[in-house]
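Student: I would like to go through this structure with you, step by step. Could we begin with the aromatic residues and then move on to the helices?

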Amino acid sequence: MNLLQKFKRKPFGIGKTYYPVRIAGFGVGGTIQVAFLYLHPEYQNPTSIGFAIFSFAWAHIAYLLYYLTDFNKKTEIVALLLDNFWVGCFVNAMAFNYAPSLLCVAMTCSNNMSVNGFKQFVWGVLLIALGILFAGIFNGFE
């Protein structure tokens, strides 16, 4: 059985639903980061550039993890929380610029709220803060 046949036989879950959403969201986020770094060369450093590049790959990495765990819902819940962590890193990489930062935060928090309710939302906000702190260690708190 080839990979495409295997893929088609898997059950439909939230991970398959969020895969295109995650591609669009992190694609927009990565594009915003690249544009921000282009317009503000003073914030260009290896960490910020790395986060911008990673934002384009994260959707595919999250889906691969979801696929390898046989479409386990808990894996997708963890991936949604990791979305928030990475968004916190991106917010720091964009030097806390309000418009793009709030857009990224709002997108991920609304996804969390729709999937698992207020509890997931609270964990998401905490992980955004943790992502900001994590990136701040490498990137500074400007």
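**Aromatic cluster, core and helices**

Tutor: One aromatic cluster is formed by F26, F51, F54, W58, F85, W86, F90 and F134. Please keep in mind that this is a predicted model.

Student: How many aromatic pairs does the count come to?

Tutor: The count comes to 15 aromatic pairs. One of them joins F26 and F90 in an edge-to-face arrangement, with 5.9 Å centre to centre and 75° between the planes.

Student: Which parts does that pair tie together?

Tutor: F26 belongs to helix 2 and F90 to helix 4, so the pair links parts that are 64 residues apart in sequence.

Student: Are F26 and F90 buried or exposed?

Tutor: Both F26 and F90 are buried.

Student: Let us step back to the overall fold. What pattern does the protein follow along the sequence?

Tutor: The pattern is α-α-α-α-α, with 5 helices and 0 strands.

Student: And how much of the protein is buried?

Tutor: Buried residues account for 42% of the 142 residues. The accessible surface is about 7,900 Å², and 73% of that belongs to carbon and sulfur atoms. As for contacts between residues at least 6 apart in sequence, 73% join residues at least 24 apart.

Student: Which residues touch the most other members of the largest nonpolar core?

Tutor: They are F26, F51, W86 and C89, in a core of 24 residues. The elements giving two or more residues to this core are helix 2 (14–39), helix 3 (46–68), helix 4 and helix 5 (98–139). Helix 4 provides the largest share, 9 residues.

Student: What span should helix 4 have, and how far apart are its end C-alpha atoms?

Tutor: Helix 4 covers residues 73–93, and at 1.5 Å a residue its 21 residues should span 30 Å. The expected span is 1.5 Å times one less than the number of residues. The end C-alpha atoms are 30 Å apart, which agrees with that expectation.

Student: What caps the N-terminal end of helix 4?

Tutor: N72 does: one of its side-chain oxygens lies 3.0 Å from the backbone nitrogen of K74. After helix 4 comes A95, which has a positive phi, near 55°.

Student: Back to F51. Which residues is F51 in contact with, leaving aside neighbours within four places in sequence?

Tutor: F51 contacts Q33, W86, C89, F90, A93 and A135 on that basis.

Student: Q33 is an interesting name in that list. Is Q33 buried or exposed?

Tutor: Q33 has 1% relative accessibility, and so counts as buried; the cut-off for burial is under 20%. Q33 is placed in helix 2. Setting aside neighbours within four places in sequence, Q33 is in contact with S48, F51, A52, S55, F90, A93 and M94.

Student: How far apart are the C-alpha atoms of I128 and F85?

Tutor: They are separated by 4.8 Å, although I128 and F85 are 43 residues apart along the chain.

Notes:
Residues numbered from 1 in each chain as written. Predicted model: local features only at pLDDT ≥ 70, side-chain atom pairs only at ≥ 80, totals over all residues. Heavy atoms only, no water. Helix = DSSP H or I, 4+ residues; strand = E, 2+ residues; numbered from the N terminus. Polar contact = N/O pair within 3.5 Å; in protein donor to acceptor, adjacent residues only side chain to side chain. Buried < 20%, exposed > 50% of the residue type's maximum accessible area, 1.4 Å probe, protein only. Contact = heavy atoms within 4.5 Å. Areas by Shrake-Rupley, 256 points an atom, 1.4 Å probe, with all protein chains shown as cover. Core = buried A, V, L, I, M, F, W, Y, C linked by side-chain atoms within 4.5 Å. Phe/Tyr/Trp six-rings, centres within 6.5 Å; stacked < 30°, edge-to-face > 60°.
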